Structures are given as structure tokens and as C-alpha cells.
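Please find below a colleague's note on the model. It is set out as numbered points.

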Amino acid sequence: MTKPLDATVWTRREVLGVLGLGAVAATLPELASAEAPAFPRGAVIRTVLKDYAPEDLAGGATLFHEHLNLASDFMTRWTGYAAATRAANGIPPAAGAAAGRGTAPPPAPSGPFFMQDLELMSEEIRTAKQEGIGCLVDGGHPDMGRDFNVLRELSTRSGMPIVAGAGFYTQPFYPTEIAAMSEEQIAQAIIKQCETEPVGVFGEIGSWDDMTADERKVFRAIGKAHLATNMSIFTHTGIPGKAALEQLDLLEDAGVKPERIVIGHLGNLVDANVQVQKAICRRGAFVGFDRQGGPGDAQQVPMVMALIEAGFADRLMFSSDIAAAGQMKRNGGQGYAKTLTVFVPKLKAAGASDDMLRAIMVDNPRRFLAFVPKKQRKT
Ligand SMILES: [Zn+2]
């Protein structure tokens, strides 16, 4: 008797099997990949502690959009704004409080905000490492309350390579000065973030509903900051699919090559024909299915399979966008590795091959993140 799909959670051994990383290969990253992607000469993946050669992170999956540190009131504000925006768009409230983030996770225990508990956080991240995650990207930046030094501390304690993001998030979270700043001033402020701390990517950069004038200004500024630094960009789309193509247009018009861009949260845009997702793949950008590892997967597995069948496996990027206490293992959730331990098994059951899943989880995010720095790392 086979277990029902939703009850399938892979063990570390099963995960490493699919990733083509037997127990021995896992400790010998140079043996892990038979068909390693080629990276530009001098390319690095910049983590909070050091720059890696992209080849050195082939020993596990990279999750391109997670959260390890946020302001303690961030999710309260987020769910409040999300509920109001869904109502304004005539979209029924999501099941549970976490609108747009799939079904609500188990309720959070009382007490201090979980991300302030560095002991809990490092234990959760260590567990994800054991489950096959080789690198985590934090999608926060200062306007979301992300503290760079906390990421450094978590990386040191857990041994997990962590990439920190830079930029500005979405209209409801912008600092008030953004409205009065020019595109060039915003670009300079973003470049300053990159020079102050060794961030490794621009993200998450978003639009909340219809794109506002300020959001367009920030997207153009991110394009300028990309040209100044060479770092890649991942985005947040708010109301499902809204502004996805406009985001790509703005970044391409600013001179960013599509292969340096992930348009995010497109799993939320449920469409059997995956029209917007295909249009983005065809243009050469990545599509983010980045709230995975929960009951919402059921809607997204056929969409992912349709994109794979259309030949777009090399444009897919998976992650879980974790931001709630109830998602932590200690609180009964599936933890930071759930994209790999919960979502990927469903794709395998739907017919995706091990080689393809390995390429999506291990190679695609490294191809996305790797960049040739324009300036030497300072710290
Ligand atoms: Zn996020």
C-alpha cells in the first residue's frame, strides 16, 4: 500500500538519491555533478561570510527565496495589507491568515517572535542542511527589517551558506523618502547597500497590486544597480500574476538580461495553460514557484509539469518563502527544506526525472546567482 501523496515526505537519503548525491558524493561536491553547468570566468556566489566558486555549492539544493530574519511585525502588517488588497480586487480571502502564501501553517506558539530566537533558527537551518539544502537565499532587506549581522550569525552557527538580498520591497513597505527620491538617487542608495554589506542578489523586489509610480521607479533603479554590480534580481508579484510581464519589461528596458531575472510567486497564478509563465520562459527569464511544500502544491504540480513538457525545465526556480513560526519543525511545520522534502517528491510522482529535478534544484539557482563582481568584496 503506497502512502497518499500529501503524506510523502522524503528522508535525507531519498533526497540525496534524486539529487544524484549519494552519501559519499555529498561530502565531495566536485564529484556531484556529471554535467555541471558552465559559469563565466571569475563568477562567484556571494554569501554573507565568503564568496564561493559556483562549483563549490553543487553539493546540495539552493533555495532562492526564503526568509531567515524579518521585523517582528512584518508578517502582521503583510497579512493585513494582503487581506485588504484581495478584498479590493474582489478575490475571496485565502484559507487562514496567510493570504497568498498557501494554506495557513500551524498556529504560532506564544512568546517572542521566532526569528529573534537565534538558537531555534540555527537549529532549523542545521536541519535543512542535513536534509539536502546546500545554500539559502534570504529575500529580505532593511525595509523589511532584515538585520545583516543576524544572517551572518546564523550562517556561522549553522554552517549553512546564506546569500543576503538588497533593494526595496513594495509600496506599503517603502521608507517614506522613496516618494521624493529620483530614480538615480534610489539606485545610489541600493548600490550603497551593496558596498556596506556583502549582499549577493537583489530581492525580493516587488509590486504589491497594480504597479505604482514609486514601484516602477524602484524597478528602474534596480536595473541601474544591476548594471553597476552585476548581481541578479528576483521579484515579488502581489495579486496573482498582476504586473509579472510589466516587471520583466521594466528590467529588460533598463538593460538587464532576462537570464538574470526571476519573476516570483507565479505558482499563485493558477492557470492550466500556464500562459504568463510560458511567456516569461520564452523570453529567457526564470519563473518562481516559490511558496511550495504545502497543500497548495496540488494546484502547482500540473503547472510545473506542463512547463517541463514544453521544454522549460531550465527556466524553473523553486523555493518556499518561509516567514511564519508555524512552519518551523520545532512547531510542527515542515521546516526550511520543505521545497525539497515535500514538493519535489510530488513532481517525481508526477513523472519528473531525477536528472531534471536535480538540475532544477541544484543547477538553476547557481546559474541564476553566479555573477562576476565589478568590485572586490570588502568584508
Ligand atoms: Zn518573500
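1. Basis. This is a predicted model, in which local features need pLDDT of at least 70 and side-chain atom pairs count only at pLDDT 80 or more, while totals for chains, interfaces and linings use all residues. Residues are numbered from 1 along each chain as its sequence is written, and side-chain values use heavy atoms, with hydrogens and water left out.

2. Zinc donors. The zinc ion is held by His-65 (NE2), His-67 (NE2), Glu-204 (OE) and Asp-321 (OD), at 2.1 to 2.2 Å. Donors are N, O and S atoms within 2.8 Å of the metal (3.2 Å for Na, K and Ca); water is not among the atoms, so the site may look incomplete. The spacing of the donor residues in sequence is H-x1-H-x136-E-x116-D. Because His-67 lies in the loop between β3 (61-66) and α3 (74-88) and Asp-321 in the loop between β10 (316-318) and α11 (338-349), the pair ties together parts 254 residues apart in sequence. Helices (H or I, at least four residues) and strands (E, at least two) are DSSP runs, numbered from the N terminus.

3. Zinc geometry. Angles among the 4 donor atoms run from 84 to 168 degrees, and the site is irregular. Four donors count as tetrahedral if all angles lie between 85 and 135 degrees; four count as square planar and six as octahedral if opposite donors are over 155 degrees apart and all others between 65 and 115; anything else is irregular.

4. Burial. His-67 has 1% relative accessibility and so counts as buried; Asp-321, at 2%, is also buried. Buried means under 20% relative accessible area, exposed over 50%, and partly exposed in between (1.4 Å probe, protein chains only).

5. Asp-138. This residue is in strand β4 (residues 133-138) and is buried at 0% relative accessibility. Its C-alpha atom is 6.1 Å from that of Leu-68, 70 residues away along the chain. Contact means heavy atoms within 4.5 Å.

6. Helix pairs. The axes of α6 (residues 183-196) and α7 (residues 213-229) come within 8 Å and cross at roughly 50 degrees. Among the α6 residues that meet α7 are Ile-186 and Ile-190. α7 also packs against α8 (residues 244-253), at about 45 degrees with axes 8 Å apart. Axes are lines fitted to C-alpha atoms, for helices over the stretch in contact, and angles run from 0 to 180 degrees between N-to-C directions.
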